[in-house]
Amino acid sequence: ISEQNRTHFPTMGSHRNGFKKESYILSVDVGTTSIRCHVYDKEAKIRGSCSTKVVLLYPEVGHVEMDPDDLWKGFISVVKGAVQDAGIQMHQVEALGISTQRSTFTTWDRRTGVPFHNFISWQDQRAADLVKSWNRSCTMKAIHGAMKVLYFVTRQKRLLAASLIVFSTQHVTFRLVWVLTHYKQVCQAIDEGYCCFGTIDSWLLFKLTKGHLHATDYSNASSTGIFDSYQMCWMDHSLPMADQQAAMFGECCFDVGDVKITMGTGTFMDINTGSKPHTSVAGLYPLVGWKIGSEVVYLAEGNAADTGTAIKWAQKLELFSDVRETSTMAYSVSDSDGVCFVPSFSGLQAPLNDPKACASFMGLKPSTTKRHLVRAILESVAFRNKQLYETMLRETCIPITKIRVDGGVSSNDFVMQLTSDLFGKKIARPQHHEMSCLGAAFVAGLEVGFWRTREELKKLQSADDEFLPRCADKECTGSPNGEYVPILQSWERALRRSMNWYNKP
């Protein structure tokens, strides 16, 4: 992978037997639930596809893992499958783009390529107690105080960020500390100089190059919690495109104030902040969006971890059989009958930042039906969207120029319409939802000249579905319809009661 957020194979000869063959871009998205590969042509149309499921392992309560070798085998199988589905030859592929879930990591033996342990997922909660103890520690209080003084003297924003920083289980930092505490062979390998650490992109690059390349890119590095996005370097010693940054690029959110909302396993809301990283007090995370040439584009991100997780959980409980039914079910009742759902199987992220919160239904009564439960779950997705959106508006003070959505849950019309109503803003949904894959393809294609400019990429965007806010008055002010004010208030009460649930007495 190059330092410019892209990885690609060398351009193969496009001439064979004297005839010029059409060329394509291959792109793979390694998500939390699936690995997908698409073959794109010059018009960014999908010519072939293949996907396989990601098997998540739960060895203990709160532990979420993946087998590195199974992930590699899945990667190879979808690449071969997509090329075969497209009816092309591998030599017609000009570049390979890779998009991966972030902050999922493993360690392995540099000499043998054998992992020391499974991938530890970004959803994993094994370090929750360690995170909490550090956030409350005297050391952190001292660091915050010292950084505030230094910021007062120097006015450097990175010092302000350091004075406000709180650790999260979604960052690699403390899960890596847990590994170093529990796996003696990792510590031994570090001492003897043959331990490799890496996120999923690093593992794939190591395997693709048969162990010759141990690398990552800025977008993945900035998501780990051990990379300084202000100085663009590792915070200590040096240890392809991350999925949400790739989705942002695929949505062509190239301008300051562009917002992208991906609703998949979790919800990730990103705003383009331009050439400067954003300093947050409420848990928005400054990320490197992409680095192309000398240009660095930053994003500010908030997330809710359990969007698709909650819907899949409801499906397993047989509240519905087909996810496509849920929107109709929600519209079939006038409200949720006072039921509130709190979507926090993995705790609550920004702006609440409580890893000990529990998922819950509140307000159940004998009159409650499956339809009310489904509506409450879908409402909770939109309510968390509103929380993230308001936090973003309040913290960045950047005028929102456009809002685009993607991810599997974005296909739910009820969620999208309610989100538009609560935002008081138009929301555009592309017909093609897999933007991480497209974004990785765009970046790889720009690198090899398959596409030449970002304006060319914008013209390739397919027609969108648009959701316009239904406002009580003629002008939308960004406040919700009156009917949802008491419902939101009840839901916020349910949130507060779900917080700190798993704290030890």
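Strand 4 (residues 34-40) and strand 5 run antiparallel and are joined by seven bridges. One of the residues involved is Val39, whose bridge partner in strand 5 is Gly48. This description, like the rest below, rests on a predicted model.

The two strands belong to an open sheet of five strands, in the order 5-4-3-7-13, and the pairing within the sheet is mixed. Strand 5 (46-53) and strand 13 (241-242) each have a single partner strand and stand at the edges, so one side of each has no neighbour in the sheet.

Helix 14 (residues 435-447) lies across strand 3 (24-30), strand 4, strand 7 (93-100) and strand 13. Its direction is at about 135° to strand 3.

Helix 14 also packs against helix 9 (residues 243-250), at an angle of about 75° and with the axes 6 Å apart. The two helices are therefore roughly perpendicular to each other. Helix 9 makes this contact through Asp243, Ala246, Ala247, Phe249 and Gly250. On helix 14 the contact residues are Met435, Ser436, Leu438, Gly439, Ala440, Phe442, Val443 and Leu446. Sorted by class, the contact has nine nonpolar, three polar and one charged residues.

In soluble globular proteins, nonpolar side chains tend to be buried together. Here the largest nonpolar core has 51 residues, of which Val259, Ile261, Met263, Met269 and Ile403 touch the most other members. Helix 12 (residues 370-396) gives the most to this core, with 11 residues. Leaving aside residues up to four places away in sequence, Val259 touches Cys253, Met269, Asp270, Ile271, Met392, Ile400, Lys402, Ile403 and Arg404.

Methods
Residues are numbered from 1 along each chain as its sequence is written. This is a predicted model: local features need pLDDT of at least 70, side-chain atom pairs count only at pLDDT 80 or more; totals for chains, interfaces and linings use all residues. Side-chain values use heavy atoms; hydrogens and water are left out. Two strands pair if DSSP finds at least two bridges between them. Helices (H or I, at least four residues) and strands (E, at least two) are DSSP runs, numbered from the N terminus. Contact means heavy atoms within 4.5 Å. Axes are lines fitted to C-alpha atoms, for helices over the stretch in contact, and angles run from 0 to 180 degrees between N-to-C directions. Angles under 35 degrees count as roughly parallel, over 145 as roughly antiparallel, 65 to 115 as roughly perpendicular and the rest as oblique. Ala, Val, Leu, Ile, Met, Phe, Trp, Tyr, Cys and Pro count as nonpolar, Asp, Glu, Lys and Arg as charged, and the others, Gly among them, as polar. A nonpolar core is a set of buried Ala, Val, Leu, Ile, Met, Phe, Trp, Tyr and Cys residues joined through side-chain atoms within 4.5 Å. Buried means under 20% relative accessible area, exposed over 50%, partly exposed in between (1.4 Å probe, protein chains only).
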